[in-house]
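Good morning, and thank you for coming.

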Amino acid sequence: MSSKQEILDAIGRNKPSATALPNLLSFPSSEDLVAKYTQSITLNGGTAMEVDSLDDIQVYIQENFLEGLQIVSMIDEIAGNVEISSVTDPHELEAVELAVVSGEVGSAENAAIWVSDKNLPHRVLPFITQHLIIILEKANLVANMHEAYQKIDLRDTGYGVFIAGPSKTADIEQSLVIGAHGARSLTVFLI
Amino acid sequence: MKTHTSHAEAAEEFVKDEERTHWHDETLWHVREKRDVAAHKLPEWEQLRTNASLIKDYVLSHLDGLLIDFEKNAQANGVEVLWAKDAKEHNEHVLSILQKHQIKNIVKSKSILTEECGLNHYLEEKGYDVVDTDLGERIIQFVKQVPSHIVLPAIHLKKEEIGEIFHEHIGTDQGASDPKYLTESARLHLREKFVQANAAITGVNFGIAETGGFVVCTNEGNADMGTHLADVHIACMGIEKLIPRAADLGVFLRLLARSATGQSITTYSSHFSRPMDGKKMYIILVDNKRTEQLGREDFRNSLKCIRCGACMNTCPIYRRSGGYSYNSTVPGPIGSILSPGLDLNKHSSLPFASTLCGSCTDVCPVKINIHEQLYKWRQVVAKEGPSDPVKKWAMKLAGATLSKPGLYDFFGSMARKALKLTPDSLVYSSLNAWGKQRDLPEVPSESFKEWYKKNRKSHEQ
């Protein structure tokens, strides 16, 4: 008998009598989502800024990142200097200093933003880059994770990730250090 | 007969260093306090716990059907699914995948299941170099230790010790112990490993039956750095890790990190459904006695565990005895109800490593009745497990005495007289474990019953 069949048979013999699947929970909120989001991401070690236009983001990048370093932009209106469509092997992204990607949904309670392979030609991009900028439309902010999952369809997605801050660790004596293996900083522009 | 080191014996080693014991206790209590702050911020916290527990009830009572759905949906996504009835078969599956793809360099993110299966050791024996990429796990891997906590693997080590380890293994400056400097050095060291890796092994936090996908949570980003650069991704998953619907993640992701470290969510919650073009993704579904635990009515709820570690951080015994004293892959209260199911003889002392205060049950995000199960395991151990003959004899005598009031009064008055005469050398003798860190209270001259008889009379007059 296959291991699969052995395991399924053992479950069949040993499982408790059937219980019902509870209904999905929802907790509607009337909070100011932008204010809540900004507060949450600050707690996570990231930064959020409200901007009026993509031009403001372009200016921010010019003011904060040295010329000559690699920038990958997944947004047409924001200039990058690495042509992502010509990158076939994700290892070529090793020297990327800044990646600019778009987020699809943001959860205000914990600052988590859904980024998926719909907008990511290489899954490793938001991790291998030294710094990360995510652009999110304010209209796509929701109060909490229950609402966030109502807005995304996992069957439609090969890979997606909620990103809630910069990479971090507290594995050495519980001291928080920002910049473990992924991006050293996360800046979210709410537009 | 006892054939394994008991929790108390192993803990003795840990508590020898009083300062360290105190520090360990305080550090974990601090994490527990952060958990409280996070939980109290959500008015719906108790509703989330109840809902999560009910979802897991549903999972346990429909596990076979959900696993079949999960496999079918994962296969439709282009993922290969393998089944392993025990640790050995799990390890063999991993090996055959590595051989098939001629893998040389392997990176691994944190997976308690692979610890349970002894995967690293198995692969090392076959000549593979497995690089653990979670910072805490990398630290202890250098010194050939296992995690002492499921969320904070190196919590038993001080930064100076980690500085020493890094100096020896990755060439950091001698004497350097700044966590920021050490983390940065590990980042550079592990980036090299990520870039060289051909295969990435991860655990699974949640498998989603309706989509065939799975979720891996990290703060460091190591699971993603590994899987997205390597050609082959092997995800190792205990069969109990399933949830029915994608939307159930709303509940579990709200509970997991808040319970674990007090964060509102881990930095990265990565949802894998399909492999990238030209790459391979495998899921290994592992039983390893989980189906046996499912059949134990009193203990099956332990399979609801989402491995947050909250019960360890709150446990007065864990905090003061350290993870290694449990001698089990999953230590602490949850480990003490899971491990006896894996090997009752080896882990028979663990249900006794508890004050039964119930704090573990109070903080458990999926409402496992941990302290009740500890109590029930004690009864199983008394019946079936190895036991300490001295304790057994003492319990029999106590049982006989407590059931006969006359005998109880007699022994009570004898004991009050005898204890006054007992020399310290006997109270604090090495045979009497009780006297090791305790002083006897002053022995009263009469029992409460005697006192009450006298005083009631004087009160009535």
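Predicted model: local features only at pLDDT ≥ 70, side-chain atom pairs only at ≥ 80, totals over all residues.

Two strands are said to pair if DSSP finds at least two bridges between them.

Let me apply it at once to chain B. Strand β7 of chain B, residues 232-238, and strand β10 of chain B, residues 280-286, pair in the parallel sense over seven bridges.

How is chain B divided into domains? The domain assignment gives domain 1 as 1-41 + 302-387, domain 2 as 56-288 and domain 3 as 397-460. Taken over C-alpha atoms, the centres of domain 2 and domain 3 of chain B are separated by 55 Å.

Next, a helix pair in chain B. The axes of α16 (residues 332-342) and α18 (residues 370-384) of chain B come within 9 Å and cross at roughly 40 degrees. The two helices, α16(B) and α18(B), are therefore oblique to each other. Their crossing is left-handed. On the α16(B) side, the contact is made by B:Pro333, B:Ile334, B:Ser336, B:Ile337 and B:Pro340. Facing them, α18(B) contributes B:Ile370, B:Gln373, B:Leu374 and B:Trp377.

I now move to chain A. It has 191 residues, of which 45% count as buried, and its C-alpha trace spans about 65 × 45 × 40 Å along the principal axes. The chain contains five helices and 11 strands. If we take the contacts in chain A between residues at least 6 apart in sequence, 72% join residues at least 24 apart.

Chain A also has an open sheet with parallel pairing, here of five strands in the order β1-β11-β6-β3-β2. Why is one side of β1 and of β2 in chain A left without a neighbour in the sheet? Both β1 (47-50) and β2 (70-73) stand at the edges with a single partner strand each, so one side of each has no neighbour there. Neighbouring strands of this sheet are turned by 15 degrees against each other on average, direction ignored. Within the sheet, β3 (residues 96-102) and β6 (residues 131-136) of chain A pair in the parallel sense over five bridges. A:Val100 stands opposite A:Ile133 in β6(A). Helix α2 of chain A, residues 33-43, lies across β1 and β11 (185-190) of chain A and runs at about 155 degrees to β1(A).

Finally, the contact between the chains. Chain A supplies 60 residues to it, and chain B supplies 71 residues. On the side of chain A that touches chain B, at least two residues each come from α1 (3-14), α4 (125-128), α5 (145-151), β8 (159-163) and β9 (168-169) of chain A. Which element gives the most to that side of chain A? The answer is α1(A), with 10 residues.

Thank you; I shall be glad to discuss any of these points.

How values were computed
Residues numbered from 1 in each chain as written. Chains lettered and ligands numbered in written order. Helix = DSSP H or I, 4+ residues; strand = E, 2+ residues; numbered from the N terminus. Buried ≥ 20, exposed ≤ 12 C-beta atoms within 10 Å, placed from the backbone. Contact = placed C-beta atoms within 7 Å. Axes fitted to C-alpha atoms, helices over the stretch in contact; angles between N-to-C directions. Domains from an automatic or database assignment. Parallel < 35°, antiparallel > 145°, perpendicular 65-115°, else oblique. Left-handed = near helix turned anticlockwise from the far one by under 90°.
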